[in-house]
Number of protein chains: 2
Amino acid sequence: MERPLILICNDDSIFAPGIKALIRSMQTLGDVLVVAPDSPQSGMGHAITINSTLRINRIPNDEGYEAYSCTGTPVDCIKIAVNKLAKRPINLVVSGINHGSNSSINVIYSGTMSAAMEGCIEGFPSIGFSLCNYSYDADFEPCLPYVRHIAALVLNQGLPSGTCLNVNIPSPKKGGIKGVKVARQAKAMWVEELDERTDPRGGKYFWLTGSFRNLDAGMDTDEYALEKGFISVVPVHIDFTAYSAISELSQWNFEPPRI
Amino acid sequence: MERPLILICNDDSIFAPGIKALIRSMQTLGDVLVVAPDSPQSGMGHAITINSTLRINRIPNDEGYEAYSCTGTPVDCIKIAVNKLAKRPINLVVSGINHGSNSSINVIYSGTMSAAMEGCIEGFPSIGFSLCNYSYDADFEPCLPYVRHIAALVLNQGLPSGTCLNVNIPSPKKGGIKGVKVARQAKAMWVEELDERTDPRGGKYFWLTGSFRNLDAGMDTDEYALEKGFISVVPVHIDFTAYSAISELSQWNFEPPRI
């Protein structure tokens, strides 16, 4: 029986330790095709490259997988992999392992999750993995049995149509992984602080920075699970319709008054 | 009574005709603050600028509104407006009018809609407006009574928490606007074609292009409404949780087998 084909992407670049850990783990489940950005693309959200061009480079390796770097965004990487580089049907798309959390509202800014969501749009079972540790030399080893097992579950059982998984792994500072919780996205936001500086010619510029604010006291959220040392698994869908608002809006009179 | 403060953004740049039409229309409802990208940012999705710096320039005008261009993405513009440039509380965030459709799956790639969604994350009633006509000299006049009326409705009645509106206006080629339909996001995708070219030094590069495919035969979708000549109003939420999948996933055994 042919081994499954697993497409791997991320947003920290093809050279990040997190994707290397994910590649090693996925090679125990199937054949691996890596298409990932050639430079860090954190915070790129679901951006695609339409006003400039893309280049692809094959990255040779001795570990038995096929790998390409791309000058574009994580979503570009998935589109190129699916439509150009994959030589047989893809069975699973995995993205990560991200250096840093993509829980709660971070899902919307995350290039890692956007790659998984693009895999989902293209019709493949897709998972984004993130470790709640931003450091370059984060230790990915302790979470790999979970990463492999969750990927194997999705390979075997599939996912509901239009749904992918946002998997976040608690910071190692929380102690060992306590287990896994299926959760909902916590209500949260970033409160921005614009760090204003002056360049050598006297011009003002800004760094976007800020602090995370969890607005959700629920015990069924991803933030709660992570805080308690559990891996959070949030099913994420690509239909953004707020169905609960449709009936209320349908009562509105949208016809402009005649003047 | 103080006039409402309306924040305006887009992704086609502060110099695009679509935003100028929106500014004119919103000035009849309140005081206008424009913070928009200094260059086209179509397809930027929910990208934010964290690996480089941002600059802001005041753009003088004789039409009585305050305007700033920003070197960043549409989402950056909203963050900067809310946290730095707005001098009093914002009552409404509007984005657009986009030159081109942001219906169905386009909501996820759209910088215009990401600006509206960021307004929603920050807690403001927010609307993205798009005209299904990509040309630079598209005629925005016929839709302005609807744009103004929808903005006035949202100003007066608010929107459910965590929900913003994705408003798409049919192509003028469909004839006059037939009315407004509240709709759900159609299931759709882009089938990519990578247009491969060779640079003067023999290197290969690609343009990302493709064709839109509506996978949804429903008569309650935005695509259907637009096809029939109606403006589509889709309530969009920022909670991406696929609640319907939670109970199924909760049955899975996520504990890795002990080896």
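**Figure 1. Chain B laid on chain A.** Take chain B, turn it by 180° with a shift of 0.0 Å along the axis, and it can be laid on chain A with an RMSD of 0.0 Å. The two copies are thus related as by a two-fold rotation axis. Keep in mind that this is a predicted model.

**Figure 2. The contact between the two chains.** Chain B puts 65 residues into the contact, and chain A puts in 65 residues as well. On the side of chain B that touches chain A, helix H7 (residues 243-250) of chain B supplies the largest share, six residues. Sorted by class, that side of chain B has 39 nonpolar, 16 polar and 10 charged residues. The copies meet through the same surface, because 100% of the interface residues of chain B are also interface residues in chain A.

**Figure 3. B:His149 at the chain A side.** B:His149 sits in helix H5 (residues 144-157) of chain B. Leaving out residues up to four places away in sequence, B:His149 touches A:Phe254 and A:Pro256. Within its own chain, B:His149 is 120 residues from B:Leu29 in sequence, yet the two are 9.6 Å apart in space, C-alpha to C-alpha.

**Figure 4. Chain A on its own.** Chain A is built with seven helices and 11 strands. Its radius of gyration is 20 Å, close to the 18 Å that the globule rule gives for 259 residues, so chain A is as compact as a globular protein of that length. Along the principal axes, the C-alpha atoms of chain A fill a box of roughly 70 × 55 × 45 Å. Buried residues account for 53% of the 259 residues in chain A. Of the contacts in chain A with a separation of 6 or more, 77% are between residues 24 or more positions apart.

**Figure 5. The largest nonpolar core and B:Ile8.** This core has 162 residues, and A:Ile8 and B:Ile8 are the ones with the most contacts inside it. Which residues does B:Ile8 touch? Not counting residues up to four places away in sequence, they are B:Ile19, B:Leu22, B:Ile23, B:Met26, B:Val32, B:Val34 and B:Val94.

**Figure 6. Helix H1 of chain A under its cover.** Helix H1 (residues 17-26) of chain A is mostly covered, with seven of its 10 residues buried. Those buried residues are A:Gly18, A:Ile19, A:Ala21, A:Leu22, A:Ile23, A:Ser25 and A:Met26. What covers them includes strands S1 (5-9), S2 (31-37), S5 and S6 (126-131) of chain A, along with helix H5 (144-157) of chain A.

**Figure 7. A:Val93 and its surroundings.** A:Val93 belongs to strand S5 (residues 92-99) of chain A. A:Val93 counts as buried because it has 29 C-beta neighbours inside 10 Å. Its contacts, not counting residues up to four places away in sequence, are A:Leu7, A:Ile78, A:Ala116, A:Gly119, A:Phe124 and A:Ser126. A:Arg3 lies 90 residues from A:Val93 along the chain, and their C-alpha atoms are separated by 14 Å.

Figure 8. In chain A, a cis peptide bond joins A:Gly96 and A:Ile97, with omega about -10°. A:Ile97 is part of strand S5 of chain A. Chain B has a cis peptide bond too, joining B:Gly96 and B:Ile97, where omega is about -15°. B:Ile97 is in strand S5 (residues 92-99) of chain B.

**Figure 9. The hairpin of S9 and S10 in chain A.** Strand S9 (residues 188-198) of chain A pairs with strand S10 (residues 204-214) of chain A in the antiparallel sense, over 11 bridges. Across the pair, A:Glu196 stands opposite A:Phe206 in S10(A). The hairpin has five residues between the strands, and A:Gly202 takes a positive phi near 90°.

**Figure 10. Ser13 in both chains.** A:Ser13 is not a glycine, yet it has a positive phi of about 95°. It is found in the loop between S1 and H1 of chain A. A:Ser13 is partly exposed, with 16 other C-beta atoms within 10 Å. Over in chain B, B:Ser13 has a positive phi of about 95°, again without being a glycine. Its place is in the loop between strand S1 (5-9) and helix H1 (17-26) of chain B. B:Ser13 is partly exposed, with 16 other C-beta atoms within 10 Å.

Conventions:
Residues numbered from 1 in each chain as written. Chains lettered and ligands numbered in written order. Predicted model: local features only at pLDDT ≥ 70, side-chain atom pairs only at ≥ 80, totals over all residues. Contact = placed C-beta atoms within 7 Å. Helix = DSSP H or I, 4+ residues; strand = E, 2+ residues; numbered from the N terminus. Nonpolar A, V, L, I, M, F, W, Y, C, P; charged D, E, K, R; others polar. Least-squares fit on C-alpha atoms with pLDDT ≥ 70 in both. Core = buried A, V, L, I, M, F, W, Y, C linked by C-beta atoms within 7 Å. Buried ≥ 20, exposed ≤ 12 C-beta atoms within 10 Å, placed from the backbone. Pairing = 2+ DSSP bridges. Rg over C-alpha atoms; globule rule 2.2 N^0.38 Å.
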